[in-house]
Every structure is written in structure tokens, then in C-alpha cells.
Amino acid sequence: MTASNTIDGEELAWLHALARALVSGGESPEDLAQETALRALELERPDGAPIRAWLASVMRGLRANRRRADRRRSWREQRGSDPSGDSDDQPSTSDLLTRA
């Protein structure tokens with residue numbers, strides 16, 4: 001059996017305050033809080049788990065996923081804009097076609 005995932009106004013306000021404390025730079029605390037609330041409604045909270053501790057765990061996981069995705073995107077963008085054109089010495093598409 002799982003505990004109810006109902007998030008009342010008090011928890012939602014706390015969630016927004018936590019998001020504001022965690023984010024920096026170009027991140028949006030409102031987006032993180034809303035995404036956390038949505039995700040929490042989709043997940044099953046274990047019986048006996050305090051709602052705020054569980055919500056904080058969900059938020060930290062989402063934030064970590066966002067940061068990882070941002071780093072990967074940045075890496076791909078930098079790699080794609082390599083002016084030398086020899087990213088990791090990979091053959092070009094025309095070289096591969098010529099070999100075939």
C-alpha cells in the first residue's frame with residue numbers, strides 16, 4: 001500500500017521555496033517546482049515517508065537529470081561546432097560513402 005500523493009497548498013508553497021533555494025543561473029525555480037509536483041503525482045510515495053522529505057528527493061533527482069542533460073547538450077553543441085571538422089578524428093560522411 002502506498003501513501004497518498006496529494007500535495008496541499010502548504011506543501012506546494014514549501015516546494016516553491018525549496019526550488020528557489022536550489023536553482024541558480026538560468027534555471028527557473030517555478031518550472032522545477034511544477035515539474036516536481038507533477039512527477040510526485042505520477043510516482044508512488046512509500047508508506048510512512050514524510051511528504052516533504054520525499055518531495056525534496058524527487059526534486060533533487062529531477063534537478064540532477066536536468067543538469068546532466070544540459071551538460072550533454074552543451075558537449076554535443078561544442079562538438080558539433082568544431083571548426084576543424086575533425087571531431088575525434090571521425091571520417092566524414094563523404095569519406096564513408098567513398099569507401100563503400
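Q: What does the chain have in the way of helices and strands?
A: The predicted model has four helices and two strands. Along the sequence they follow the pattern β-α-α-β-α-α.

Q: How much of the chain is buried?
A: Of the 100 residues in the chain, 26% are buried.

Q: Which residues touch the most other members in the largest nonpolar core?
A: L32, W54, L55 and M59 do, in a core of 16 residues.

Q: And which helices supply at least two residues each?
A: Three of them do: α1 (9–22), α2 (29–42) and α3 (51–80). The largest share is that of α3, with seven residues.

Q: Why would nonpolar side chains group like that?
A: In general terms, nonpolar side chains in soluble globular proteins tend to be buried together.

Q: Changing topic. How many salt bridges are there?
A: The count comes to six.

Q: Start with E10. What does E10 pair with?
A: E10 forms a salt bridge with R52, and the closest N and O atoms are 3.2 Å apart. This pair links distant parts of the chain, since E10 is in helix α1 and R52 is in helix α3, 42 residues apart.

Q: Is E10 buried or exposed?
A: E10 is exposed, because its relative accessible area is 55% and the cut-off for exposed is over 50%.

Q: How does R52 count?
A: R52 counts as partly exposed, at 30% relative accessibility.

Q: What about E11, which residue does it bridge to?
A: E11 also has a salt bridge with R52, with the closest N and O atoms 4.0 Å apart. E11 lies in helix α1 and R52 in helix α3, so this pair ties together parts 41 residues apart in sequence.

Q: Buried or exposed, E11?
A: E11 is buried: its relative accessible area is 13%, and buried means under 20%.

Q: How accessible is each of them?
A: E42 counts as exposed at 53% relative accessibility, while R39 is partly exposed, with a relative accessible area of 34%.

Q: Back to the shared partners. Which residues do they join into one network?
A: Salt bridges that share partners join E10, E11 and R52 into one network.

Q: Why do such side chains pair at all?
A: As a general point, side chains of opposite charge can pair when their charged atoms come close.

Q: Last topic, the surface. Which residues gather in the patch of positive charge?
A: R67, R68, R71, R72 and R76 gather there.

Q: Where is R67 found?
A: R67 is found in helix α3.

Q: And why does R67 count as partly exposed?
A: R67 has a relative accessible area of 40%, and that value falls between the 20% and 50% cut-offs, so R67 is classed as partly exposed.

Note on methods
Residues are numbered from 1 along each chain as its sequence is written. This is a predicted model: local features need pLDDT of at least 70, side-chain atom pairs count only at pLDDT 80 or more; totals for chains, interfaces and linings use all residues. Side-chain values use heavy atoms; hydrogens and water are left out. A nonpolar core is a set of buried Ala, Val, Leu, Ile, Met, Phe, Trp, Tyr and Cys residues joined through side-chain atoms within 4.5 Å. Buried means under 20% relative accessible area, exposed over 50%, partly exposed in between (1.4 Å probe, protein chains only). Patches are made of residues with over 30% relative accessible area and no salt bridge: like charges are joined within 9 Å, nonpolar side chains (Val, Leu, Ile, Met, Phe, Trp, Tyr) within 5 Å. Accessible areas come from the Shrake-Rupley method with a 1.4 Å probe; for residues, only the protein chains shown count as cover. A salt bridge is a side-chain nitrogen of Lys or Arg within 4 Å of a carboxyl oxygen of Asp or Glu. Lys and Arg count as positive and Asp and Glu as negative; His and the chain ends are not counted. The place of a charge is taken as NZ of Lys, CZ of Arg, CG of Asp or CD of Glu.
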